[in-house]
Amino acid sequence: MNMRVTVGPPSLTINHGSTFMVTDLDGQINQDKFLGIFTDDTRFLSYYAFYADALPWIRLRSTTPRYYAAQVYLTNPELTTEDGIIPKGALSLTVGRTVEGGIHEDIDITNYSTKKVSFSFEIALRSDFADILEVQQGKIIHRGCIETRWDKEHNELHTTYQNKDFSRSIIYQLRNYTSQPHYANGRVTFEIVLEPGASWHTCGNFILVLDKLTREPLNICYDSAVDTEVNSKLEHLNQKWVESVTELTTVNEEVYRVYKQSVRDLAALRLYDYDLGDDIWLPAAGVPKFVTIFGRDSLIASLQTTTVHAGFARGALKKLSQLQATTWDDWRDAEPGKILHEIRHGELAHFQKIPHTPYYGTADATVLYLIVLHETWKWLGDNSLLNSYRDTALRCLEWIDNYGDLDGDGFQEYKTRSSNGIENQGWKDSGDAIVYPDGSQVEAPKALCELQGYVYDAWIRMAEVFDALDEHSFANSLRTKASQLQARFEKHFWCDDIGYYAFALDKDKQPVKTIASNPGHCLWSGIVSKERASRVVEKLMAPDMFTGWGIRTLSAENPAFNPFSYHLGSIWPHDNGIIALGLKKYGFNEEVARVARSVFEAASYFASYRIPEVYAGIEEKPGAFPVPYIEANVPQAWAAGSIFQLLQAILGISADAPNNKLYINPCLPEWLPEITLRRLEVGKSKVDLKFWRQDECTYWDASIISGDIEIDPP
């Protein structure tokens, strides 16, 4: 019998809204790592450690039972004290934490020896107030002044950072302690005396102050928080989300558990500071590095969740419309009509050291905005969306023509103008992601294949939108442009010698004949010719691309291939989800099932069935297990959302709420013999769908719970 490996992250992460805490597995913070307490792109706590008589404690076990709560169990090393030796393992140290605004911490020590013990318990803590981007890079520049003051009357440690008009501070507030705290040499110290079987306790609150904004935790002890709720409002909102989304049941335990965890992960990523209503909100891109608004990530997550809760997209459409660029700005790579890439709020952004205020260096978010607007309308059937965002959509369309096409050749290209801009501005946005077949780097400007597909899809979708707005002449012009783009795409991107579409066109307009996953996105957009689709699928499912745990970003035969890299051969769940929808569009049901099965199989190895942002593109074989990318974000929005897209592809679900229609085209594989969706919303209707496999055929039944909806094959 084979032992199944469970792969967990190398750290403990808890988060709520804009605040998160990342520690080592022992609950402590090493300043040399990407660890600490963060909010609004500043690290407020950079070092944190426990000591008994100046010796470190020993980790036994730690976990995060909820996304906002952590529990750590430690024990003592052998201690030589004035009263004698305290044997190793005689003491337990339990640390419980919850995050809500700030961080609340409960510390409990119990004496399990048969003798009375006396020792010093020390908490060492430091703050560097570093910008999160410098923490990521491991290159922290010290600028302002940090001062620490111990308030003896209130037993609080105040640490303040000031750099001109930028100020941040953290208050470590001790409460409910069994013995009096003292402070010296950067450590809070308690003198502890415990009889056999006795326990000692203190609470600690980490209060985070940003100018006039204070993020303060609820003063609720961990045990009571786990047994009840850490915050009734938070729990109410989370429960409302869970009860509003489409419910899934199936005999396949892996699919069931991964689906449930993905629903929880999206709730965990909710950016409460940007809420515009109970159903008008958007998620952070991922924890811990991307706890902020990202254009591309918010839009893709919105697309992924249409079958789960289509109203989720309202937040992204509204907030990104509000932040749409209105001017030309080289520093921020902005042009009129462009949708942002990323926004930051730390010290570097405050002093304009980085262009993220916001930064617009993305070539695809503006086009994806149009796709999301159309798809949301098709699921909600709300024509007011089209009227509300008509002008935003027009500005996006103008950007495609006027700025997305850099040289007027009819293709979308990108090249940063900012001295601190992003080199690669598609979804593979790491600096080394776009390579030639020999592994060398492609120089900008670059015309990625999927960008052409996204524009083709956006024009087709917007034609339908402007028909609905009775602007038929404009709609017809968009269809004509889409048809012309498809013809140009076939002529310039298809490479007969490799039997595949080019990864991109380089600065000399020559095809980059690299085998990568990007043409899979072209299947999703529908720009691929029906005659050549099978050859694209053949390449994607070949051994150098398909590992058994998903499709790689780059062929293993490319000299630049590295399965443990970010984009040069790793596996991204969202990439596979988009490709699966493309496979479905062209009728490749067997391949849809293989891709979906591979990702679900990989997800089953990860702790709590929580799928990471990206994992290694290593081959599935006996004894192997998926390996997360070393700095992968967990949870991450479009990783969680990929699960919904994979199921959508298997079931062939699409909506036409404006015409009160739902289309399904299911093909269940052997490993998923039955599945039921409850409370699936299409417009003002709700429907339960049951699918089952019998004699290698798929059958379905529908129950309309409310509304008036017609359910048909496509």
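This is a predicted model: local features need pLDDT of at least 70, side-chain atom pairs count only at pLDDT 80 or more; totals for chains, interfaces and linings use all residues.
Local features need pLDDT of at least 70, side-chain atom pairs count only at pLDDT 80 or more, and totals for chains, interfaces and linings use all residues. Residues are numbered from 1 along each chain as its sequence is written, and side-chain values use heavy atoms, with hydrogens and water left out.

Take the helices to begin with (DSSP runs of H or I, at least four residues, numbered from the N terminus). Helix 7 (residues 313-322) and helix 9 (residues 365-380) have axes that come within 10 Å and cross at roughly 140°; axes here are lines fitted to C-alpha atoms over the stretch in contact, with angles from 0 to 180 degrees between N-to-C directions. On the helix 7 side, Ala 313, Arg 314, Ala 316, Leu 317, Leu 320 and Ser 321 meet Tyr 369, Val 372, Leu 373, Thr 376 and Leu 380 of helix 9, contact meaning heavy atoms within 4.5 Å.

A cavity is a set of points on a 1 Å grid over the protein atoms alone where a 1.4 Å probe fits but cannot get out, and lining residues have an atom within 4 Å of a point. Volume is the space filled by probe spheres set on the points, which are joined across faces, edges and corners. The largest cavity comes to about 80 Å³, and helix 18 (637-651) gives the largest share of its lining, four residues. The second largest cavity, at about 50 Å³, has Lys 240, Arg 270, Asp 278 and Asp 279 among its lining residues.

How values were computed
Helices (H or I, at least four residues) and strands (E, at least two) are DSSP runs, numbered from the N terminus. On a 1 Å grid over the protein atoms alone, a cavity is a set of points where a 1.4 Å probe fits but cannot get out, and a pocket is an open set with protein on both sides within 12 Å along at least five of seven lines; lining residues have an atom within 4 Å of a point.
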